[in-house]
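Hello,

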Amino acid sequence: MRPRLVVGSPFQILLLACSFALAAYAGVRLLAGDWLGVALWVVGAALLHDLVLLPLYALADRAMVRGLGAAGRRQWAIYVRVPAALSALLLLVWFPLISGMVDERYRSATGLSTDGFLARWLLITAVLFGGSALLLARRLRRATKRRPPAVH
Amino acid sequence: MRDDDPRLPTSPGFWRSPLRGTWFTSVLGLVLLVGITVLFVTGLLSYAAYNPDLAPVNDQTPDKGVLGFYLFSWPTNPYWLYRVTQGLHVTLGIALIPVLLAKLWSVVPKLFTLPPARSLAHALERISLLLLVGGGLFEFTTGVLNVQLDYLFPGSFYPLHFYGAWVFFAAFLAHAALKTPAAVRAVRQRHGDEGQLESPRPEAPTVSRRGALWFVGGASLLLLVTTAGQSIGGALRRTALLAPHGGADPGSGPNGFQINKTAGYAGIDAKETREEAWRLVVTGRDGRTVRLTRTELLRLPQYSAALPIACVEGWSTADQWWRGVRLRDLAALVGYDGDPPDVFVESLQRHGAFRRAALRANQVADPRSLLALQVNGEDLSPDHGYPARVIVPAAPGVLNTKWVARMTFGDL
């Protein structure tokens with residue numbers, strides 16, 4: 001059987017046509033300068049996120065859960081995942097400052113020092129993991145207390 | 001069938017997370033619907049705050065066409081207006097990043113669904129989704145890089161972020177129109193219609209959907225509390241642990257508050273700002289010109305105004321106590337007594353986009369708009385614009401020209 005062209009909702013087609021018209025009007029202006037660079041950034045941002053960043057963190061999470069599962073500690077996953085993800089998120093957002101890649105411009109433009117960013121990020125990371133470890137320790141202690149005493 | 005091989009992302013069975021589902025995606029989608037609308041509106045306000053239709057020097061996007069349809073004269077009241085709208089734009093944008101990432105994660109299986117298009121309408125929708133995701137990530141990335149002074153993007157920030165916003169918002173509107181009804185339904189009914197988002201063979205959960213939402217909310221909260229202080233100022237600035245203008249102030253004393261561009265960065269030579277060398281050249285009606293030394297400016301009637309510096313990068317200072325000559329008094333000196341016009345201000349600064357800026361008549365007329373000579377009871381420091389700088393209520397930081405050399409009053 002030959003595949004037949006299905007049109008679909010005319011409302012949706014009309015709506016998307018309007019959207020494309022507006023996007024094209026702005027897009028022509030967006031691409032007026034370095035069009036290749038901008039197009040690479042827009043398409044690249046989507047591809048980099050969907051095909052690199054997301055698979056990487058999903059695989060890291062899966063490996064972590066599997067690893068803990070193999071050790072019989074699957075329920076600990078959240079105590080690793082939360083601090084690790086929050087720390088990674090802060091690094092992702094503030095990478096230029098934390099990595100020092102804008103050191104010179106930042107220093108000369110704002111009169112501020114970039115020295116603190118890496119140290120503060122590391123401290124926040126330590127506090128996140130430390131806090132998570134404390135919560136886990138408390139949970140484990142409670143679980144032990146609640147367990148009925150062994151009968152002799 | 002190959003489509004059902006769970007080793008391939010094109011198979012629904014490949015996606016194992018028990019969290020994915022219409023309800024989860026809908027909650028995140030509705031948060032973004034509100035949040036991104038606020039970002040778009042505050043972004044348009046920031047664009048208007050530059051008064052781009054006043055003079056070419058203020059206009060970074062001269063070919064905007066109908067996209068400037070809503071422009072209006074930016075007011076001077078309330079004096080903290082730009083501080084709030086732009087602080088909200090940047091802080092909310094940063095705080096929404098976890099929601100955006102979670103939303104994209106929750107719908108990623110749809111990227112791989114086969115067949116690629118079930119109909120013409122579906123094919124168009126998927127093209128639109130590229131603009132939505134690519135455009136959205138482009139806007140967030142350019143914004144986040146710009147506030148950190150990391151100008152990696154291919155071009156000038158203003159046109160890229162402005163036109164990019166319209167491309168993104170065009171796709172966003174269509175997406176919102178197509179998806180909001182179902183999202184509202186899913187949230188109301190506490191579960192979704194049978195969608196393709198639920199995994200057909202979910203792994204045992206390590207966290208509930210509700211717990212995952214709390215986690216996303218917590219991540220937003222973490223970014224919020226480590227950023228907002230740079231816009232609130234005072235003691236809270238120290239809580240902005242990783243934000244570019246958080247932490248300690250650059251100095252102490254009356255001139256110790258946050259700096260956008262230092263004198264060194266702007267290439268200001270101390271020889272040019274010395275009392276003997278510096279003159280303010282004021283030109284007005286029919287070319288009438290006066291040249292004033294700093295001492296002569298100090299002999300003119302001095303006024304005070306408590307106003308903040310609010311930067312397009314989202315950070316701002318608390319109100320500083322500025323003292324100097326009213327802009328409208330300077331206009332009166334050159335023939336505009338009682339009817340202050342627009343003014344074109346030029347700095348000693350040799351390069352940089354806003355070394356020249358135009359202010360509108362309503363800004364010149366405001367009695368709090370000053371050519372400031374002092375701040376917090378002391379002469380301006382070189383980094384804050386010595387010998388003289390403009391300060392206007394509610395104007396974006398870069399329009400408050402520092403190291404002023406020349407002011408030309410008249411209709412622009």
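How much area do chain B and chain A bury between them, and what share of it is on carbon and sulfur atoms? This is a predicted model. In it, the two chains bury about 6,100 Å² between them. Carbon and sulfur atoms carry 75% of that. On the chain B side, Gln148(B), Thr206(B) and Leu242(B) lose the most area to chain A. Together they make up 12% of what that side buries.

The contact draws on 79 residues of chain B and 62 residues of chain A. The residues on the chain B side divide into 54 nonpolar, 16 polar and 9 charged.

Which helices of chain B each supply at least two residues to the side that touches chain A? They are helix 3 (97–111), helix 4 (120–147), helix 5 (157–188) and helix 6 (209–225). Helix 4 of chain B gives the most, with 18 residues.

Two of these helices also pack against each other within chain B. Helix 3 and helix 6 of chain B have their axes 8 Å apart, at an angle of about 150 degrees. Angles over 145 degrees count as roughly antiparallel, so helix 3 of chain B is roughly antiparallel to helix 6 of chain B. From helix 3 of chain B come Pro98(B), Val99(B) and Ala102(B). They meet Val216(B), Ala219(B), Ser220(B) and Leu223(B) in helix 6 of chain B. That contact divides into 6 nonpolar residues, 1 polar and no charged.

Last, some backbone points to look at in chain B. Most residues other than glycine have a negative phi, and most peptide bonds are trans. The exceptions I have are these:

- The Leu114(B) to Pro115(B) peptide bond is cis, with omega near -5 degrees. Pro115(B) sits in the loop between helix 3 and helix 4 of chain B.
- Tyr386(B) and Pro387(B) are also joined by a cis peptide bond, with omega about 15 degrees. Pro387(B) is in the loop between strand 8 (378–379) and strand 9 (389–391) of chain B.
- Asp286(B) is not a glycine, yet has a positive phi of about 55 degrees. Its place is the loop between strand 1 (280–283) and strand 2 (289–292) of chain B.

Best wishes

Terms used. Residues are numbered from 1 along each chain as its sequence is written. Chains are lettered from A and ligands numbered from 1 in the order in which they are written. This is a predicted model: local features need pLDDT of at least 70, side-chain atom pairs count only at pLDDT 80 or more; totals for chains, interfaces and linings use all residues. Side-chain values use heavy atoms; hydrogens and water are left out. Contact means heavy atoms within 4.5 Å. Buried area is the accessible area (1.4 Å probe) that two parts lose on being put together, summed over both. Helices (H or I, at least four residues) and strands (E, at least two) are DSSP runs, numbered from the N terminus. Ala, Val, Leu, Ile, Met, Phe, Trp, Tyr, Cys and Pro count as nonpolar, Asp, Glu, Lys and Arg as charged, and the others, Gly among them, as polar. Axes are lines fitted to C-alpha atoms, for helices over the stretch in contact, and angles run from 0 to 180 degrees between N-to-C directions. Angles under 35 degrees count as roughly parallel, over 145 as roughly antiparallel, 65 to 115 as roughly perpendicular and the rest as oblique.
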